[in-house]
Each structure stands twice: as structure tokens, then as C-alpha cells.
Amino acid sequence: MIISKSKFFIEKGDARSNIERLYELKRKVMVLKHAVTPLLEDTGKLFRGRVPDVCSHTQEYFRDVYDHLNHINASIDTIRDTISTAIQVNLSIVTIEESEVTKRLAAWAGIFAVATAFAGIWGMNFEHMPELRWLYGYPAALMLIALVCFVLYRRFKRAGWL
């Protein structure tokens with residue numbers, strides 16, 4: 001994952017390391033948030049509240065510090081939301097990739113199921129099966145299995161499953 005000026009580019013196929021890096025970033029942002037929040041509250045008290053006369057001339061300084069901390073706090077919230085969105089996007093990408101793999105496996109399973117069904121039926125050695133009396137029965141059966149598998153392969157290929 002590459003971070004450039006608050007844009008996330010998620011590398012495809014590297015889901016585990018992307019998630020680990022995003023959670024590490026989220027942890028660091030939370031540490032920063034826990035550091036800024038108490039400072040924000042305390043500086044707010046120093047410029048708004050009653051302060052001793054010795055510190056009265058520093059209220060403008062603390063107001064400026066408070067404004068900067070408030071801006072940092074808002075930025076931290078934005079970064080945290082962006083990281084959460086990136087985590088969700090990464091998980092969605094993983095789900096889509098798994099869906100593609102599942103479709104491919106289902107297509108191949110369908111092709112082999114048809115071949116298995118034909119072979120299972122013709123392998124039962126019935127006495128009155130047409131190919132038992134026909135010289136080209138088994139080659140024709142094999143050709144039919146190959147033809148059906150090829151047709152299924154082409155259909156799955158056109159559908160984008162293979």
C-alpha cells in the first residue's frame with residue numbers, strides 16, 4: 001500500500017500485508033489521538049477559564065495553541081475515517097477476488113461433473129446398452145463427453161468464469 005498526500009493505492013493480491021499496515025497506521029493514529037485530546041481540554045481551560053494574574057498575559061498564546069490542537073484533532077479524525085474506509089475497500093477487494101476464484105472452481109467442477117456423470121452411466125455394464133453391440137460405442141461416448149466438456153468450457157469462457 002502506498003500513501004501519497006492522503007490517497008491510498010492498494011496493491012492487489014497483497015491483502016494480508018495491506019490490512020496489517022492499515023491496522024498499524026490506525027493504531028498510531030489512535031495513540032496520537034489519545035495524546036492530543038487531554039492537551040486540547042487543558043489548553044481550553046487555560047484560555048477560557050479564570051487564570052491567575054501571573055498567567056493572564058498568556059491567554060492569547062493558549063488560544064493559539066488550542067486552535068492548533070483543535071485543527072490537529074480534526075485532522076486525526078479525518079485520517080482515522082480514511083484508514084477505516086481503506087480497510088473496508090481492501091476487504092471488498094479480497095471478497096471480489098475470492099468470488100472470482102469460486103466462479104472458476106465452480107466452472108471446472110461443472111465440466112468434470114458432466115464427464116463423471118457420463119462415465120458413471122456408461123460404466124455400469126448393462127446388458128442392453130447400445131454401445132455393447134456397436135463397434136464404435138465407446139469412442140463415440142468419449143467423443144460425446146469431450147464435446148460436452150468443450151461446449152461447457154466455451155460457455156464458461158465467454159461468461160468470464162474461466
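Leaving aside its neighbours within four places in sequence, which residues is tryptophan 108 in contact with?

Author: Start with the ground rules. This is a predicted model, where local features need pLDDT of at least 70, side-chain atom pairs count only at pLDDT 80 or more, and totals for chains, interfaces and linings use all residues. Numbering runs from 1 along each chain as its sequence is written, and side-chain values use heavy atoms, with hydrogens and water left out.

Now your residue. Beyond its neighbours within four places in sequence, tryptophan 108 is in contact with Tyr153 and Leu162. Contact means heavy atoms within 4.5 Å. Leucine 162 sits 54 residues away along the chain, yet its C-alpha atom is 8.3 Å from that of tryptophan 108. Tryptophan 108 belongs to helix 2. Helices are DSSP runs of H or I with at least four residues, strands are runs of E with at least two, and both are numbered from the N terminus.

Is tryptophan 108 buried or exposed, or in between? Its relative accessibility is 37%, so tryptophan 108 counts as partly exposed. The cut-offs are these: buried is under 20% relative accessible area, exposed is over 50%, and partly exposed lies in between, with a 1.4 Å probe and protein chains only.

A nonpolar core is a set of buried Ala, Val, Leu, Ile, Met, Phe, Trp, Tyr and Cys residues joined through side-chain atoms within 4.5 Å. The largest one has 12 residues, including Ile19, Leu22, Phe47, Tyr66 and Ile87. Helix 1 (15-48) and helix 2 (59-122) each give two or more residues to this core. Apart from it lies another core of nine residues, and Leu162 is among them, as are Ile111, Trp122 and Ala141.

Look at Ile87 in the 12-residue core. Leaving aside neighbours within four places in sequence, isoleucine 87 touches Ile19, Leu22, Tyr23 and Lys26.

Next, the two helices themselves. The axes of helix 1 and helix 2 come within 8 Å and cross at roughly 160°. Axes are lines fitted to C-alpha atoms, for helices over the stretch in contact, and angles run from 0 to 180 degrees between N-to-C directions. Helix 1 and helix 2 are therefore roughly antiparallel. Under 35 degrees counts as roughly parallel, over 145 as roughly antiparallel, 65 to 115 as roughly perpendicular, and the rest as oblique. By class, the contact of helix 1 with helix 2 has 25 nonpolar, nine polar and six charged residues. Here Ala, Val, Leu, Ile, Met, Phe, Trp, Tyr, Cys and Pro count as nonpolar, Asp, Glu, Lys and Arg as charged, and the others, Gly among them, as polar.

Lysine 33 lies in helix 1 and is buried, at 15% relative accessible area. Beyond neighbours within four places in sequence, lysine 33 is in contact with Asn73, Ile76, Asp77 and Arg80. Lysine 45 is also placed in helix 1, but lysine 45 is exposed, at 59%.

Helix 3 (residues 137-159) holds leucine 147. Leucine 147 counts as exposed, with 51% relative accessibility. Its C-alpha atom is 9.9 Å from that of alanine 115, 32 residues apart along the chain.

Finally, step back. The protein chain has three helices and two strands, in the order β-β-α-α-α. Buried residues make up 19% of its 162 residues.
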